[in-house]
Amino acid sequence: MMTRHRFIFGLGCLILLCGQAVSHDPRYRTPIRIPDIPGYKTLKCDFHTHTVFSDGAVWPDIRSEEAWREGLDAVAITEHIEYQPHKEDLPTNHERSFEIAKPHGDRLDVIVIKGSEVTRDMPPGHLNAVFLEQAGPLDTEPWSQALEEAHSQGAFIFWNHPGWDGQQSDGVARWYPEHTDLVEKGQLRGIEVINAREYYPEAHRWCLEKNLTILANSDIHWPLNLDYDVRQGDKRPVTLVFAEERSAEGIKKALFARRTAAYAAGMLIGKEEFLGPIFEASVEVLNSSVELRGTRPSFVRIHNHSEIDFELTGASSFVEISAPDELVLRGESTVLLQIRSTSRERSGSKSFRLGYSVDNLKLTPDRTLSIAFPIEVTFVPEPEE
């Protein structure tokens with residue numbers, strides 16, 4: 001009997017230890033819940049990261065792991081070409097960080113992209129080249145030659161943090177003749193509208209005026225959880241890429257076609273042709289018909305399938321009904337939109353379109369996405385007692 005008790009006790013301890021081992025394993029993936037749009041897959045990408053092979057503080061395969069855990073589809077490893085502060089500890093090998101990061105990305109089904117950062121004074125400032133074949137040939141003195149080499153390899157080149165106070169002391173982005181020249185040569189194809197936690201409205205305008213690709217990237221140097229409180233929902237900025245397929249080639253094609261939007265801190269920045277379909281794919285009106293008895297309220301139930309809290313303001317004004325001027329469609333939740341009749345005696349049926357501005361979906365620095373909920377209202381009179 002004693003032997004049996006010892007066996008059960010030992011088995012219980014083993015189960016407990018195994019359970020503890022499993023419970024302490026933090027390796028899980030949290031998806032970024034933003035839907036696909038008609039004709040395209042919505043891929044979540046970060047095209048600006050660093051490791052110990054330039055001025056970062058992590059080993060390259062950690063970037064692949066972080067990207068997987070945060071729900072990214074792709075991450076670019078973009079070491080500085082000129083700035084190598086760890087060269088006394090690691091050899092300067094511009095290909096090596098990608099070579100280390102990619103196999104782990106492959107194991108986790110994360111697309112790892114080879115890139116480099118050409119790091120020069122302003123102008124032209126810092127520029128990333130992604131989808132490189134070889135990074136080493138960019139290690140040349142004239143910055144124009146480095147960009148010509150990247151362009152000859154078919155790389156996608158974009159301007160990093162244009163308002164960075166390390167190069168613009170007042171934090172205001174400025175356009176220089178050198179950038180005009182790069183655009184005219186077909187070399188400069190995009191700009192970081194968001195870098196880390198900074199939004200550059202000037203860069204946003206330039207993307208629209210000069211037909212350049214909108215990007216948002218982390219420019220991460222430290223371990224991700226030192227810059228972002230990931231467990232509390234604090235996320236790095238990402239570029240949403242609207243690709244025909246989930247592949248490196250699909251992403252590259254979409255970047256050159258300017259099919260992107262910036263997503264950071266609950267805000268979306270992009271063209272209406274992409275932000276409109278994202279909102280439409282995210283938001284579902286569960287009951288578009290309501291009955292209003294006298295002035296008692298009824299509710300339109302609206303479900304938001306995405307993780308984005310859509311912030312709505314400025315409801316349309318109608319004589320017959322009232323609706324809230326402000327409404328937040330919480331992510332992955334159903335929200336009640338309250339409707340009232342303005343008269344107890346009103347009867348009959350009528351269609352309405354409740355119009356709002358979605359304040360955290362920016363089409364330009366000064367204009368946001370406009371949307372409308374079509375509803376059908378049946379009025380039932382309820383005379384005063």
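Let's start with Cys 45, which counts as buried at 0% relative accessibility; buried here means under 20% relative accessible area, exposed over 50%, and partly exposed in between, with a 1.4 Å probe and protein chains only. Before I go on: this is a predicted model, where local features need pLDDT of at least 70, side-chain atom pairs count only at pLDDT 80 or more, and totals for chains, interfaces and linings use all residues. Residues are numbered from 1 along each chain as its sequence is written, and side-chain values use heavy atoms, with hydrogens and water left out.

Back to the cysteines. The structure holds zero disulfides.

Now to the aromatics. Trp 206 is buried, at a relative accessible area of 10%. The structure holds 12 aromatic pairs, counting rings of Phe, Tyr and Trp (its six-membered ring) whose centres lie within 6.5 Å; planes under 30 degrees apart are stacked, over 60 edge-to-face, and the rest tilted. In Phe 156 and Phe 158, the ring centres are 6.2 Å apart and the planes sit at 40°, so this pair is tilted. Trp 175 and Trp 206 have centres 5.3 Å apart and planes at 65°, so they are edge-to-face. That pair links distant parts of the chain, 31 residues apart: Trp 175 is in the loop between strand 5 and helix 5, and Trp 206 in helix 6. Helices (H or I, at least four residues) and strands (E, at least two) are DSSP runs, numbered from the N terminus.

Next, have a look at Asp 36. Where is Asp 36 found? Find the loop between helix 1 (2-23) and strand 1 (41-46), and Asp 36 is there. Asp 36 is partly exposed, at 42% relative accessible area. Leaving aside residues up to four places away in sequence, Asp 36 touches Lys 41, Thr 42 and Ala 281, where a contact means heavy atoms within 4.5 Å. Ala 281 is 245 residues from Asp 36 along the chain, yet their C-alpha atoms are separated by 7.4 Å.

Conventions. A disulfide is a pair of cysteine sulfur atoms within 2.5 Å.
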